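Please keep the sequence and the coordinates in view while reading.

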Amino acid sequence: MVTVNLKHKVYAYITHANRLLVFLHVDVPDAGIQVPGGTMEEGEVPDEAVMREAFEETGLTSLRMRAFLGDTLHVFPEHGVTHHRYFYHLVCDQMPPERWRHDELDPSDGSSGPITFEFTWVPLPDGVPELIGDLDEMLPALCGLLELE
């Protein structure tokens with residue numbers, strides 16, 4: 001019998017004026033380009049988790065949930081873990097900075113904080129760079145919702 005180590009993850013596609021928010025780990029560039037997200041806490045539902053993670057990672061306070069885009073299972077056999085991923089579209093309602101750094105003080109990966117992220121906006125649909133770990137898998141659903149196909 002195979003035991004699956006299942007982790008529940010949430011990811012936020014945060015948009016402002018048809019731009020998507022992406023980030024890099026300042027001290028770990030090999031972590032690739034990502035979107036805000038993380039591990040759900042015990043007893044937390046995905047809707048709550050994505051809002052918490054988005055705020056913790058970005059520092060943005062003017063985020064509004066627009067839509068649940070879907071969920072997927074992503075298997076990492078080399079680590080013996082499967083991620084149940086929940087993807088959401090969040091909207092930044094205020095004029096955000098073009099670029100900024102923010103420290104996540106309580107990383108969900110269990111490492112000691114803070115972790116510094118550098119954020120920037122990229123144009124949808126054609127200006128989005130490749131995101132690490134298939135984090136771009138729900139971008140077609142986002143572009144469809146925004147009528148950017």
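Threonine 15 has valine 91, in strand β5, as its bridge partner. The model is a predicted one, in which local features need pLDDT of at least 70 and side-chain atom pairs count only at pLDDT 80 or more, while totals for chains, interfaces and linings use all residues. Residues are numbered from 1 along each chain as its sequence is written, and side-chain values use heavy atoms, with hydrogens and water left out.

Strand β1 (residues 5-15) pairs with β5 in the parallel sense over 11 bridges; two strands are taken to pair if DSSP finds at least two bridges between them. Strand β4 (residues 63-76), by contrast, pairs with β5 in the antiparallel sense over 12 bridges. Within β5, histidine 83 is the bridge partner of histidine 74. β4 and β5 form a hairpin with 4 residues between them, and glycine 80 in its turn has a positive phi of about 65 degrees.

How many of the residues of β5 are buried? In this strand (residues 81-92), 12 of 12 are buried, that is, under 20% relative accessible area with a 1.4 Å probe and protein chains only; exposed means over 50%, and partly exposed lies in between. In a regular strand the side chains alternate between the two faces of the sheet. Both faces of β5 are covered, with Val81, His83, Arg85, Phe87, His89 and Val91 on one side and Thr82, His84, Tyr86, Tyr88, Leu90 and Cys92 on the other.

Contact here means heavy atoms within 4.5 Å. Methionine 51 counts as partly exposed because its relative accessibility is 27%.

Taken as a whole, the chain has 2 helices and 7 strands, in the order β-β-β-α-β-β-β-β-α along the sequence. These elements are DSSP runs numbered from the N terminus, helices being H or I of at least four residues and strands E of at least two. Among contacts between residues at least 6 apart in sequence, 64% join residues at least 24 apart. Buried residues make up 50% of the 149 residues. The radius of gyration, taken over C-alpha atoms, is 15 Å. This agrees with a compact globule of 149 residues, because such a globule would have a value near 15 Å by the rule of 2.2 Å times the number of residues to the power 0.38.
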